[in-house]
Amino acid sequence: MVHLSFLLHRRESSFYPTNDHCRLSQCHRNDEKTDGVTFRDADSLEATQRYLLRNPGLSFVAIERDTIVGCIMSGHDGRRGYLQHLVVLPTHRKRGIASRLVENCLAGLERLGIQKSHIDVLQENHSAHRYWEGRGWKLRTDIRRYSFLRSGSVNA
Ligand SMILES: CC(C)(COP(=O)(O)OP(=O)(O)OC[C@H]1O[C@@H](n2cnc3c(N)ncnc32)[C@H](O)[C@@H]1OP(=O)(O)O)[C@@H](O)C(=O)NCCC(=O)NCCS
């Protein structure tokens, strides 16, 4: 069984099954307050398990009193790191949880020799732009991302 690495709120470490991550994803998919994060077919349980197998120990959730209150996924391609799906429950924001989740990813990537990481942020997610810029992340204006779909599904 695939497991997620966990960041516990009180700096303890443990391991939990991926279906906890799915519960969190589902929770946010159904939570209209969580805008700015897009879930697609590529976020299915199978795809998430594949991602975690390829990137062991680089995805985290924050736990408070047995409840998942935040999560982040990260991975790399051997050269660059990629952060995805950073979400903190609205009730738990502005307590530094996201920053600790991000730091855990960056530290894990650095241990693997990855010094530079990217994150995609939706144009209209203004609060997320403020968040990243406030933490020293540089907005790239020199590149545009192009994507190509091999399947007919627009939600691939
Ligand atoms: C973006 C998001 C993940 C930030 O989560 P968060 O846990 O609130 O983030 P942090 O607590 O680390 O930092 C947020 C702010 O709280 C401040 N803060 C951190 N600890 C604090 C504390 N103990 N007391 C008061 N403020 C604090 C930070 O300085 C930061 O302030 P700033 O935005 O004015 O610079 C969260 O708002 C979210 O889930 N948004 C919806 C999903 C989303 O957009 N995700 C990003 C996709 S790219």
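1. In the hairpin of β3 and β4, two residues stand between the strands, and Arg65 takes a positive phi near 45 degrees. Element names follow DSSP runs, numbered from the N terminus: helices are H or I runs of at least four residues, strands are E runs of at least two. This is a predicted model, in which local features need pLDDT of at least 70, side-chain atom pairs count only at pLDDT 80 or more, and totals for chains, interfaces and linings use all residues. Residues are numbered from 1 along each chain as its sequence is written.

2. Strand β3 (residues 60–64) pairs with β4 in the antiparallel sense over five bridges; two strands pair if DSSP finds at least two bridges between them. Ala62 stands opposite Gly70 in β4.

3. β4 also pairs with β5, again in the antiparallel sense, over six bridges. Gly75 has Tyr82 in β5 as its bridge partner. These two strands form a hairpin with four residues between them, and Gly78 in the turn has a positive phi of about 100 degrees.

4. Why is strand β4 (residues 67–76) largely enclosed by the rest of the structure? Seven of its ten residues are buried. A residue is buried if 20 or more other C-beta atoms lie within 10 Å of its own, exposed if 12 or fewer, and partly exposed in between, with C-beta atoms placed from the backbone.

5. His85, with about 55 degrees, lies in strand β5 and counts as partly exposed because it has 19 C-beta neighbours inside 10 Å. Lys94, with about 60 degrees, sits in the loop between β5 and α3 and counts as exposed because it has 7 such neighbours inside 10 Å.

6. The ligand has 21 residues around it, of which Gly36, Arg93, Gly96, Ala98 and Ser99 come nearest. Two or more residues of this shell come from each of β5 (81–88), α3 (97–111) and α4 (126–134). A residue is near a molecule if its C-beta atom, placed from the backbone, lies within 6 Å of it.

7. By type, the shell around the ligand holds ten nonpolar, seven polar and four charged residues. Here Ala, Val, Leu, Ile, Met, Phe, Trp, Tyr, Cys and Pro count as nonpolar, Asp, Glu, Lys and Arg as charged, and the others, Gly among them, as polar.

8. α4 gives the most to the shell around the ligand, with five residues. The number of buried residues among the nine of α4 is zero, so this helix lies largely in the open. Just after α4, Gly136 takes a positive phi of about 90 degrees.
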